[in-house]
Amino acid sequence: MKRLLAPALLLAALLAAPLPAQQGGRLVIEAGRIVTQAGPDIENGRIVIDGGRITAVGKAEEVEKPWDATVIGGKAFVAFPGFVEAHTSQGMDRANENIDVAPFLDIRDSIDPVAYFFEDCLRQGITTINVQQGANCVVGGRGMVVRPIGMTVEEMAMRPLFGLKLSTRPKGGKSRATQMQALRFAFEDLRLYLEGLVEKERDDAGYAKREALFQGRDLEAEAAQGRAMGGTAWKVDGLELVPRGALDERYAPLLELLEGRYTAFVHCGDPLDVVHALEVVRAQGILARTVLVIEQDCWKAADRIAEAGVPVILEGALLDVQRDPITGEEVETFVPKVLQEKGIRFALSSEDPNTRAPAYQAALAIAHGMERTAALDAVTRVPAEILGLGDEVGSLERGKLGNVLLCSGDPLSVTTWVEHVVIEGRLVYERAKDVRNKHLLEGVQPLGTAPPTSAEAGEDPEHEHEKADEDAGAEKDAGDEQKGKDEDKEKEDGGR
Amino acid sequence: MSLALFVLAFAPGEPVAPREGVLQIQAAEIWTAGGERIQDGLLRIEDGRVRSVSTGKQSDPALPLVRHPGVVTAGLIGLRSQAGVGGELQEDTRSVLAEARAVHAFDPAHPDVARALAAGITALELAPAPGNVVGGLACVVKTSGGRVLTSEASLALSLTSAALGRSTGPSFFVFGAAEVPGEAQAQPDGGPEWSERTPRGNREPTSYAGALALLRRSFAEGQGPFARAKRGDLAVTIEAWDRHEVLRAVELARELGLAGAVRGAPLAGDPAVVQALKESKLGVIVGPYSAGQTRASLESVKTLAAAGVPVAFALGDPARSPEALRLSAARALRAGAPPAAVWKALTEDAAKLAGVGASLGTLAAGREADFVLWSGDPLDLQSRVVAVYVDGQRAWPAPGH
Amino acid sequence: MLLLIAPLLAALPPGDDDWTIQAATVHTVSGAPIENGFVRVQGGKIAAVGKGGGGATLECAAVTPGLIDLALGIDTGPLSVEQSSETAARLSASDGLDLFSYRWERALRSGITTALAQPADYDVIGGLGLVLKTGGAPTLAARLVKPEACLRGAIGAQPSNGNAIPRFQEPQTFYFRRPTTRMGVEWVFRKAFHDTLQGQGEDDPATAADHAVLRRVLAGELPLVVQAKATQDVRTAIYLKEEFGIPRLVLDHAIEAWREPELLKRSGVAVILPPFTADGRHADGFVNDSYFLPLDAARKLHEWGVPFALSAHEGAGAGARLADQAAAAQRGGLPLAAALEAVTLTPARLLGVEARVGSLEAGKDADLVLWNGPPLQPTSRIIGVLLQGRLVLDPRSK
């Protein structure tokens, strides 16, 4: 743990030190070009951020510079809205829970503010991140939208208790049939539970009323709450008799999902999973609040996705390379192009390590024939809209959050670097002071700044625990075994 | 004597003077060499050999006669059979075993042999398994009577991954030998070919280059079967599965002047492979074809036949599927191979590729009298075997039954 | 949207192999880029390269020479190298090739038209490598550019992997006899060269054949391409070069060559860099260690004057191909011209095939890559490939 914390603290100290304008202060960003993603680019532009929000964007001569504002940037820079990561399972303690149906879990308890992932997000210019439980589940916990800054989860949080993870891809050890059975049963179980509650309420008729009177509570208000319970697809008769507070917290989140409180992020590993996912969300009446998180293979189900009108987040590789089992020939499909042609709203995600940087993904989309604006939208505006943050982030417009990148050139050029990152008016990253970047780029490794191992990066936290506790013999062995597996994986990933 | 009784019973109206080893078969159709079909033919057998095949009904009333309303053909030949050898065709101790003889594993009384007989197969080729670079000498045996036609039919070579990096003993005694490739990794269905095989056995060679070097050295030293194969006195069969293995086998045969066949080669129909085979003196032993065989694989018989490359079908394990030969043939037919070529593959070319083309494979004067009485066209799977004769004697159904 | 490269062999009817390719920029590599230039292709060769030009049969944003990868890794794995002895210099990778593998077409599709095929690194000295075209009829004769182009060796953990000293038992396998450490690997290397110089053990024809190959290496006829991932492997390889006077040494997979600038400059070695990774790290895969490759490694080598080639190690996905490595190297500060050279002319020179491939010059093979934008940029993609004048990836097809 020490090894992990030292560099993180170092970096935090570096980043925290130069904050010129704390939240509430005023910041002016000047750039040779502003790519607003909300209209034409602005040459020689100026952005004013006040109280964390953009108050003005425009040509330098047309936007007044507040006298007390700190000014950063200059003509050499290109300003760009911070990238939005629509879905990730990184930056947390173990991403997967072994309980099949666990909607009562809250990702808040797992997010690790000092994870390497969040640090790397700043380096790539990602300023808004939707963290959700891993895909190895049936019904997962509730996620959270965060900004990659802060030493506590509360500081990071933008939207706590946001989204609920589901998966139609068979969980490890499950067949497709048992996965679907478990998923359907999760909702059936909820119904049985609610019916049981109603029955109990009827048997004990008057008890709740007496109890409420005794406690001096407003029974009518509680009853009204109860009557509001239930989704659109199915109802439990008599549920209005049950006070909301009587719901077990293990079941409550799933009911809230049906009531539309959460966006359902449904993971699909292959085209058949898409079909199943749509079937389930239709049956539960939550299609309108569903986002499919798809692997590259799922493009084959593009017609079904388009028909359902749900947005998707492409979590797999952008280029789907498959071998025909009969002819042995390889067929390549550039997935975003298919999604675009079918009229599907999609966001790109940074899960594929080869193409992690959002700017790089947008560049690849352009290489394969997408319009520049559409490609950049897939890493800014569209994910913002999918997260319901369309009014907050994703473009540089008056009233939105002051999340701005200052790049050394065109954000899509391979030689461009993110030089400064501003989140809600605070300068939170400067490349010139990023010692780890210097290491990645030049190999110069200041003491204590080695990139974390995969374990430290949060992929294998078990191993991390074990390191902290050298005496736990049995646990140590288990950790070593896990480490071996990771190395195997790296070997596979790293090629020959 | 029992034979005479049978004939009498079969053709009671004929005046008969029974004589040992002499027999006439009158049939609606007799298939002879070169795909010729004689309507209302007469087949004369004498001392276990074919004396003549002719048209007409001029049977000799002095000799026993069998009238058959169906088709009479030469017996089928099952190549690469594992009948009656008890799985003892793989000797793991050495990579080069030129003098190992498959005949010593042959049990003529094994029920698998009888099963093959009942399926119309009159001769089997038993060959060392492809786990050795030089496996040894294949033999050809009859399915009835236990006669060994030749114990030196051909020299079995292998250029597949199965022969590379094997272990000399049980793998748990050998460090790092856990992943020894077995025959299971043969991919006869022509699916994806190149797979990550990781031979970790302790036996040289471990690589294609090493196997070629070993073979070149063996042939250069030129002892025993190697010298005979080089002179052209002994055919070779080279096990090769993937297309690149087939090309390597062809190249080796060209370099050393070897004749014989490539065995395996599910994708032998690939244009580059066909071209190379055509230029070589090699035939191809394909199959047995399974139900899941890919079209590309099944079509190779058609392609090879069109290019004039001799083709034959492997039988495999007759215990599992004694009908494998005719099933393979039917699958090749359905994939477009001409019936004449498929029939040739079952008999004439099979005999040729097994190194016994001079004595088996067709019904022609002087050839051994191994033949089958079919209820109809033997390429039609609805036709059944009525009787099988080996060396001029009725072998199935067993006399007396 | 779909890109099917299946009918590569029969792409076009014969006689249709003459082309005039017009491009906004022609990157000749051997000379300055030509704006609004053309390349004329006749009979499988480049007939002319110049400015302007009319009657284009193909048009694109940029044209470059076909790419060359010296570490493509298309081999038959462990079956490509004879492991029953530590040194097998006499054996050739040509005996273990699978020219039917779909992976050749994958390479071709990603713009690689020429590649070095070598034995896999399970021996200390694995055998001879050869230079091949990545397409054409699947026969050696049709694809060969140069037989016996180099000798392949490996320093580091890989050739000792899986070997062990027997305990309480007789050595049963040759894996027991082989080196188990980096020290042992180096010893086998030195012994091979030492015995060659002394002529020792040449009664055995195999050893004599091995030594004949090593003598060609020592005479500078054959380059020695050695896998040397870690710093210590790079140093060992250079020490061996200097001790035995090996004229042409190429360090392959040299992740940490950048850590030894003085040795690289002094010894005159060339380097093949592995793919860049997101976090700079490369796990060894055979021992519990990982090595670091900074993004600017190529820029460093370039500035030091060390000849270097980039390689993709058969990366298949978007962002993992050879062109993507050249893009990554530019992110590390390498100029475009140098990045292009590192995937074309430099690898050709390292193996002595620059007379045929590596640049756009009249008389060379018509191996061309057509781009829909500036080459080696993530916003551009390879839309066409010509291999010896044959259009194997058609830019006109959608």
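Let's start in chain B: helix α5(B) passes α6(B) in a left-handed crossing. Left-handed here means that the near helix is turned anticlockwise from the far one by less than a right angle. Helices are DSSP runs of H or I with at least four residues, strands are E runs with at least two, and both are numbered from the N terminus.

Some ground rules. This is a predicted model, where local features need pLDDT of at least 70, side-chain atom pairs count only at pLDDT 80 or more, and totals for chains, interfaces and linings use all residues. Residues are numbered from 1 along each chain as its sequence is written, and chains are lettered from A and ligands numbered from 1 in the order in which they are written.

Back to the helices. The axes of α5(B) and α6 (residues 271–279) of chain B come within 10 Å and cross at roughly 15°. Axes are lines fitted to C-alpha atoms, for helices over the stretch in contact, and angles run from 0 to 180 degrees between N-to-C directions. So α5(B) is roughly parallel to α6(B), a label for angles under 35 degrees.

Who touches whom? From α5(B), B:Arg243, B:Val246, B:Leu247 and B:Val250 meet B:Val273, B:Ala276 and B:Leu277 of α6(B). Contact means C-beta atoms, placed from the backbone, within 7 Å.

Next, the sheet. In chain B, β5-β6-β7-β8-β9-β10-β11-β12 form a closed barrel of eight strands with mixed pairing. Pairing takes at least two DSSP bridges. Neighbouring strands are turned by 35° on average, direction ignored.

Last, the interface. Here 40 residues of chain A contact 42 residues of chain C.

Terms used. Two residues are in contact if their C-beta atoms, placed from the backbone, lie within 7 Å. Angles under 35 degrees count as roughly parallel, over 145 as roughly antiparallel, 65 to 115 as roughly perpendicular and the rest as oblique.
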